[in-house]
Amino acid sequence: MRPLDPRLLRHARAARGYVALTASLGIVTAGLVVAQALLLAHALGRAVHDGADLSAIAPWVAWLAAVVGARTLVTALQERFAHRAATRAVAELREGVVAHAASLGPRWLATGQGPGVATLATRGLDALEPYFVRYLPQLVLAATVTPATLLVILGLDWVSAAVLVVVLPLVPLFMWLVGRLTQGRSERGLDAMRRLGAQTLDLLAGLPTLRAFGRERGPAARVQALGDAHRRATMGTLRIAFLSGLVLELLTTLSVALVAVGIGLRLVHGGLDLVTGLAVLVLAPEVFNSLRQVGAQFHAASDGVAAAAAAFAVLETPLPADGTRPCPDLARTTVRLRGVSVTSATGRTPDDLDLDVRPGEVVALAGPTGSGKSTAVEVALGLLAPDEGTVELVGPAGTTPLADVVRADYWSQVAWLPQRPVLEPGAVRDVVGGADDAARSAAAALTGLGEVLDAAPAGWDTAVEQLSVGQRQRVALTRALLSAAPWVVLDEPTAHLDAAGERVVLDTVRALRTGGRTVLLVAHRASLLACADRVVALEPSEQPVGIAP
Amino acid sequence: MTRGTLRRAVALLEVDRRRAAQAVALGTLALGCAVALAAVAAWLIARASQMPPVLTLSVATVAVRAFGIGRGVLRYCERLVSHDVALRGMTTLRTTLYTRMSQGQPAALLTVRRGDLLTRIGADVDTVGDVVVRGVLPAAVAAVLGVLTVGAMALIFPPAGIALALCLLLAGVLAPVLAAAGAGRTQERAAEGRARATASALGILDDAGPLAVAGRTHAELAALAAADRDVAAATDAGAPASALAAGVGQLATGLAVLAALVTGVPAVTSGRLSAVALAVVVLTPLAAFEATSVLPAAAVQVQRSRAAAARILALLDAAGPALEPAAGPTHGSPSTAPDAPDASPARPQDAALVARDLQCGWPGRPPVVRGLDLHVEPGRSIAVVGPSGSGKTTLLVTLAGLLPRQGGSLSIDSTDLDLVDRAGGAVLHVAEDGHVFGTSILENLRVARGDVTPDQARAALGDVALTGWLAAQPDGLDTLLGPDGRTLSGGERRRLLLARGLLSPAPVLLVDEPAEHLDPGTADAVVRALLTRHRDRGVVVVTHRLTALDAADEVIRLEGGRVAARGTHAALLASDRRYREDLAEESREDA
């Protein structure tokens, strides 16, 4: 784990100012820690050794009070801005990751590291908060206070400094050694922990099912047994994980004790004066303090650092290049797929697909589940680059590869209804669009949305969020009818609909055809296929066959 | 959400008091070593500066070293004991949750989404357990150590003891209260923004393609940024209190040292305090605040855990107390109606499920099915059809006794369904979202009945047209299925659940949409097998496929929550225009 990844500063602007602030406050803190120790040692030393009264040490005490006030202020400032910076940096990374992942397209999101992005963006990156708020400040203090105090001790009493300098490198060395020795064991332990935890959750998640079968009573003992096994496995891991903490505390506390004893013995022999001795005694724990905190916060922080690294990996995935040429008018352009293949985990789907969608035509893509119908649609929409083959726009002005066209320009001429309709929240009236109420009512009568709205008390003002999936599909169909887009893509529009709903879809497709729109239809029901001008059947790993209507 | 919430949840952990006391004792000793180390070191150095014979210091030099070792070792033991206490508590809480959920109101499980349930019994129980390790035990250690340190200090020099006590209260009470208030304010104001940010982010990622094509990606990203800005503003609202808390913690240490110095030095001048004791009184506070320094974080943890505790308790409260089977032969409870014809539980073999004028619906909402009569007994099969949203699934859940009925009567073998011990398993509801356990195919089928043989399992899988699928599995019936059946397709999963239902001994099966996700041929074969091959039991099937229903003894067509038509397939074809049309439509499509 890299303690401070420079990429963090590059991708999260909010982190830059915060790191600068933390670094300056760290330097100030180092000065204040040293000042506090020296002032306290002088005041106390004079009083103990020389019997000085309060008025004699008053200046020291006054300065000490000032230093205490300053440290209070610095601590509060650090905390004030830590949360703020953490929230903003997490937000920046989240927005960046979501925007970038969305641009990488649906296929990337569905495979490899894609599915993890949702967890990363919603919960994972929150782990950066302890990193910013707790770990980073202590890391900075370890870099400022530790050397500053050590140098001052060296100036005051080289013997004590020598003891500390010998111990200091032992801290990381022993932590590393303990880590190495225990790594294998604790990984096995963690693995067992995860497995047992998953089994317990599996039983609990299956409770409704067990209950349905009347077999819910037995597993209570199993939940208890799994819990006990989980605890034993966890304790086995912790026994080892806590060893590094033990070593850290032993080394640091024992070295402070040794320094104290050393000072005491040299004071007896007059080799040292009391003020120096007290200063070293107060400073010695400060050498290790921030190091110990870094160690204590390490685990909390490492989750955040891992999340940040995952975020950088997404942000640094190159985006597919957008085209530069304007899109020709799709009302006069044929979309042509030639030899298109997409390789996925289940094979080549589609495999060597040829498809022409001419202006004003209704073309249906048919084929069994898994033959690549939806993938073919994604390729035709320019959301996915085919592994083999070409997609071209063939118009009166010539042929343009789809890859060269500005995607947003192309999409502005397309209305796409995916299997599950994606609608923005809002009143149905606003979501469907359309020129006026008359046009809306006419379209709604055709798609069956009219019936739905007649039954709803709010009518056209009904919120889309309140509708069922089938009803939302009718909203989406109405919107497609009302849109001006020359190209309409319908992916399985009859899923979620019964026979009556299906008639509605047929009527909609006919209306679209009458309106001169081009329709690409993904369908498996015969009634829908029958209303297409042409059906292109996809077979898994076989040549697609063109069928005349 | 009140203070009592967390206390109730923590009480459910049934923390072992002896072990908890042990953890507090070890923690107090560990941090006590640090305080003692500071005090003895101060004494050692101050005394040494008076150049006494070396021998007078020997006890102190040994003690300093011993405290140096003791701190680390004791702290290690304390961490182990406190984690053990918490883990035991979490297991107890999970077992309690499981037991109460398995024996309480069945509707409690139906109203919680699956993912939500997993969060509550997974992360939320962990969070409540965390309160013990990070909240309760550290607070107890700080309290005990604080009292001991103040007492020792007061013995040496009472004014310094009083000053230390006040400063410890600042750091150990005021700072945590401020920190909790700050975190609470942020949490409260940020909750809505966080939820919106999560929903926005998931929406954009789930529908990246459609949003891009519709040109709405930028608007959605702007909504995400706006939600994030609200969260940032909420953080700023809580930050001053958090900053004050951190400052107070730092200030308390300084004040304790200053107070000891200012009161102690005149006392030395006037001879009431020895010079060596002054060093002890002034330097000890530097180490005395370690226990309180973790308390602000502890208070924030308590704040966070409270929300988790509330979610767990809501689940428990919904489940209610364990339901006692009121009609068991040994339970002559007064709640059993005296005119109940037979108080013994239904004998599964001749069970008949009878509904009269049944009304079903979700609690607190109007009924979605009204006035339904139904009679199903072994050997009889009934199909329920109707457009989506006509209440078919609600009806099945009510027939299964999982949802309290809103009116009418419902009995099994002449005994009111409410009075029958559900563990008797007379009625089995094969839910569409049934759970596939992360174990082998055979073990998943054995959930129905512990003694299912491999041959019976194969036969059941054959009934649901999964023979080909089984043959493709690497280890046959012993093939492990991923957690929650993620390795299965929708259709395979649905049929596996159905096969499990077929293997159960329940005399009445209620099956929800067995044909979904299947091609027409397979769908009809599965429905037909279900309706015909199990004449030893009663079957109620909810389905949208009509073709295979000639095999059903009765078909009920629901529309708008009422029975629009009923009779045999042939009778409905003859009398019901809509049924005829729908079937014709279906056959046209399949052609």
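A:Leu246 sits in helix α9 (residues 219-268) of chain A; helices here are DSSP runs of H or I with at least four residues, strands are runs of E with at least two, and both are numbered from the N terminus. This is a predicted model, in which local features need pLDDT of at least 70 and side-chain atom pairs count only at pLDDT 80 or more, while totals for chains, interfaces and linings use all residues. Residues are numbered from 1 along each chain as its sequence is written, and chains are lettered from A and ligands numbered from 1 in the order in which they are written.

(Buried means 20 or more other C-beta atoms within 10 Å of the residue's own, exposed means 12 or fewer, and partly exposed is in between, with C-beta atoms placed from the backbone.) Leaving aside neighbours within four places in sequence, A:Leu246 is in contact with B:Gly72 and B:Tyr76, where contact means C-beta atoms, placed from the backbone, within 7 Å. A:Ala65, by comparison, is 181 residues away from A:Leu246 in sequence and 35 Å away in space, C-alpha to C-alpha.

Helix α9(A) itself has 50 residues and reaches 70 Å from first C-alpha to last, close to the 74 Å expected at 1.5 Å a residue; the expected span is 1.5 Å times one less than the number of residues. A kink of about 30 degrees is centred on A:Leu243, the bend being the angle between axes fitted to the seven residues ending at a residue and the seven starting there. After α9(A) comes A:Gly270, with a positive phi near 75 degrees.

The UniProt record (an unreviewed entry) annotates "transmembrane region" at several stretches of chain A, including residues 21-44 and 240-261. UniProt positions follow the numbering used here, feature names are shortened, and annotations may be inferred rather than shown by experiment. In the model, residues 240-261 of chain A are 100% helix and 0% strand, with end C-alpha atoms 31 Å apart. Residues 21-44 of chain A are also 100% helix and 0% strand, and their ends are 34 Å apart, C-alpha to C-alpha. For chain B, the UniProt feature (unreviewed entry) covers residues 21-45, 51-70, 136-156 and 162-184.

Over in chain B, helix α3 (residues 58-103) has end C-alpha atoms 67 Å apart, which agrees with the 68 Å that its 46 residues should span at 1.5 Å a residue. A kink of about 25 degrees in α3(B) is centred on B:Gly70. Because 33 of its 46 residues are buried, α3(B) is largely enclosed by the rest of the structure.

How values were computed: Contact = placed C-beta atoms within 7 Å.
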